[in-house]
Amino acid sequence: MTTGRLKIGNTQMNITQKQSRRGQLDKKLAAYTLAGAAALIFPGAANANIVYVNVGQTVNNPGTYDFNLSGSSSDDITISADTLGPYPEISASTANLAEVVMDTANSDVAALAFGALIDPTSTASFGSGGKMASSFPLDPGDWSATGGSAYLGFYFEGAGGPQAGWADIATTANSTTSSFTVLSYAYETTANTAITAGEGSPVPEPSALALLALGGAGLIALRRRRAANA
Amino acid sequence: MPKVLLIGWDGAGWSQIHPLLDSGSMPNLARMVENGVMGDLATLTPLCSPLLWTSVATGTFADRHQVLDTVESDPVTGGVRPVTRASLGSTQIWDILAQGGLRCQAIGWPATHPAEAPGTCVSNGFAHSLPNSIYPPELESTILPLRFNPQEWTGKELQLFVPEMARIDQDKDKRLAKLAVILAEATSVHAAATTLLESKDWDFSAVWFGAVGWASEVFPSGTDEIYKEVVNGVYRLLDLYLGRLLDLAGPEAIVMLVSDRTAGESEWRPSTSRGPGGLLCAAGPGIDSDELTFGAGLLDIAPTILGLFGFGRAPGMTGRAISEICATAYGRALQNVLPTRSASRVAHDSLEQEMLALEEFGYTDTVAAAWKDEADAAKTRRDFHLARVLLAQGRLDEAISLFEHLVERNPALVEMRLYLGHAYFQSSRLAECRAICEPLIVDAPDSPFASAARAHLDIAEGNYDEALAHLASGQKVYGIVAALDAVVGEAYLRMGKLDEAVTAFRSAIETDAGIAGAHQGLAQAYLAQGLYNEAAEAALDAIRLRYDLPGAHNILGRALKAMGREQAAAGAFANSEELSRRLPVA
């Protein structure tokens, strides 16, 4: 050992050593397999079990938007912009065994945040529909009166049972009129499977991160783009 | 002349990365793994990030490099500040190479602030807007604008890490803001690094990202459901950045990715068999594909880099060049290089001395007084860390002296008393060990340290079965519980109770698979039992963890010889002899 470099240094030992090391590698690969069910990281990863529909349709008072997802002869869920007494409002109603997520505190239709769980196997907060937004000051509903959007959680009765879904809806209701825009909706194709609000929508392309990954030049480009759009 | 890029990921661990590799979430690291070598990187104690990273950068133990904590005393305020270059007692690898005439740059690495010559440096103060964070100063106009402000993140980006962030009440829960800072720091370092890699000719570059370690601290395992994917998201982001760094380094560069530890893993009672060790992955010209490294540790990184450039180890370095990365023998002596760093430290120390002298004359700094408690606590922590560093090196007398001083000044700190008792025990000063452990048990019978103290007394009295029972019932006590298991094993070994020895060593290994001495003891017991194959395997396990154990090589040689593998045995014996010659003198 005059080279100053330590090594278990002959052919036979090298083979032994490599076999031992190869064994470790095999263990690692086995561990990979065991860990195969590990969760994906970012939301909105491609999910073949979710149907997503981009709508972008505005409905003015009086008017309705109908969801017919089960394929039955009548609609499953109807969103209406109408006027109850002197008060313009927006409401949801259901048929064909469909239900929407309700706010149990006031019995109005719940306005869900992104990521809220919609589980058709849990019946606790589902109901047949009701008020979403209203100009009635004593019961304005959970939804925005000024054009903000939220998620409507629902399930409809599919061939194999209840299928969960969501609809992203922007609402307006004031003393003179009401209107809403169905931005998009999505639903699970597998019965009795939960979905989260917003799940399945195309992930906003992480263009900012993609630019930042480029490094200094990307950072400057990102700032320029934001300044131009400001 | 090779080109080497060293990338540091603070706190990154294979146990967290493997599922991400498996799901295809880290394609750039997967590319490195496929095209290069990978393995564990044995860490050091205590698990303090700047301490460990400075050991990586200097190739020396912390008693030599002197970065012993996350903070250092601030002679201006009398309080503390994040540790700076002023604490450094050893020279970092990029400065060693730059002194040797190579073109070097370091970006974001701990304990590099303020940025100084001889190489190009963007210090760890850059991301936090500290002045003097860039050297040479003419680079400031290019690099300073690349600092990414946490407020530049939009919800769209943060939502990729916290999908349900809309549910967070940010008036009460500030962690989203912390995440923005963590990600901004990584992005600032990446922007500076990519710009320097692109715009300057370089031989060696070192880039450090603290995001995983920091995120693991703010969003630990078992954290609120809403934050559960943050750490995985940070790994993905770093992988994205890694891809760009690999591209810029080019196929002609050797790239080494290292981490100091697995953040979130307990030091001695880890939740996985891997323990708290770090990771190593390297790829580039001359490095085999899809292979494993063998027995590498933090102290081996700097000698490996020196070896890649054809240099031998610098004085004070105790590690070795990792043969799977540095295949050729090294040996060129470093010329005109000062491996020990002193200038800033002298200035720092002299300023402290001046402050002390002023105090003696009755001068009272009200600002300093306000910070005094914090400064005192930091000083105690540094001394405690130093004592543990010495203990880990087997420098028992020096460790005992420090522990005694600490215990005298901090009698209420049970942990320090136990360490002192343990150091006495390791020195065979059993009466003093008993004098520490007995009152500890009386004072703090319910302390998690009490069972370890009882085990010391049991072992001292030869009651090994009772000792094992106490160790089994005890809780984690940094380094001590598993070490005592191994001590019991050694006692049984000396008594010729081989079955009991095997049981005790196995218990130590089950508690902490990272104790090389326990594997070595197990190998010795198997050897005595005539189980040569098992002995060789256990010896190799010890060597994998700590290559520098001559005894383990010797046992391996004896086992191989008994198996009739004379040639292989000769190699192991030669290694044992060589390592024995190299053992550092305390």
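These legends go with close-up views of aromatic rings in a predicted model.

**View 1. An edge-to-face pair, F204(B) with F309(B)**. Searching the whole structure turns up 19 aromatic pairs over all chains, and here is one of them. The ring centres of F204(B) and F309(B) are 6.5 Å apart and their planes meet at 85°, so this pair counts as edge-to-face. The two partners come from distant parts of the chain, 105 residues apart. F204(B) belongs to strand β8 (residues 204-209) of chain B, while F309(B) sits in the loop between α11 (301-308) and α12 (343-360) of chain B. How buried are they? F204(B) has a relative accessible area of 0%, and F309(B) has one of 3%, so F204(B) is buried and so is F309(B).

**View 2. A tilted pair, F219(B) with Y227(B)**. Here the ring centres are 4.9 Å apart and the planes are at 40°.

**View 3. An aromatic cluster in chain A**. Take a moment to find Y65(A), F67(A), F154(A) and Y185(A), which together make up one aromatic cluster.

**View 4. Charges over rings in chain B**. Which residue lies over the face of W202(B)? Look for K3(B), placed 4.5 Å from the ring centre. For another case, turn to F384(B): R388(B) lies over the face of this ring, at 5.9 Å from its centre.

Methods:
Residues are numbered from 1 along each chain as its sequence is written. Chains are lettered from A and ligands numbered from 1 in the order in which they are written. This is a predicted model: local features need pLDDT of at least 70, side-chain atom pairs count only at pLDDT 80 or more; totals for chains, interfaces and linings use all residues. Side-chain values use heavy atoms; hydrogens and water are left out. Rings of Phe, Tyr and Trp (its six-membered ring) pair if their centres lie within 6.5 Å; planes under 30 degrees apart count as stacked, over 60 as edge-to-face and the rest as tilted. Helices (H or I, at least four residues) and strands (E, at least two) are DSSP runs, numbered from the N terminus. Buried means under 20% relative accessible area, exposed over 50%, partly exposed in between (1.4 Å probe, protein chains only). A charge sits over a ring if NZ of Lys or CZ of Arg is within 6 Å of the ring centre and within 35 degrees of the ring normal.
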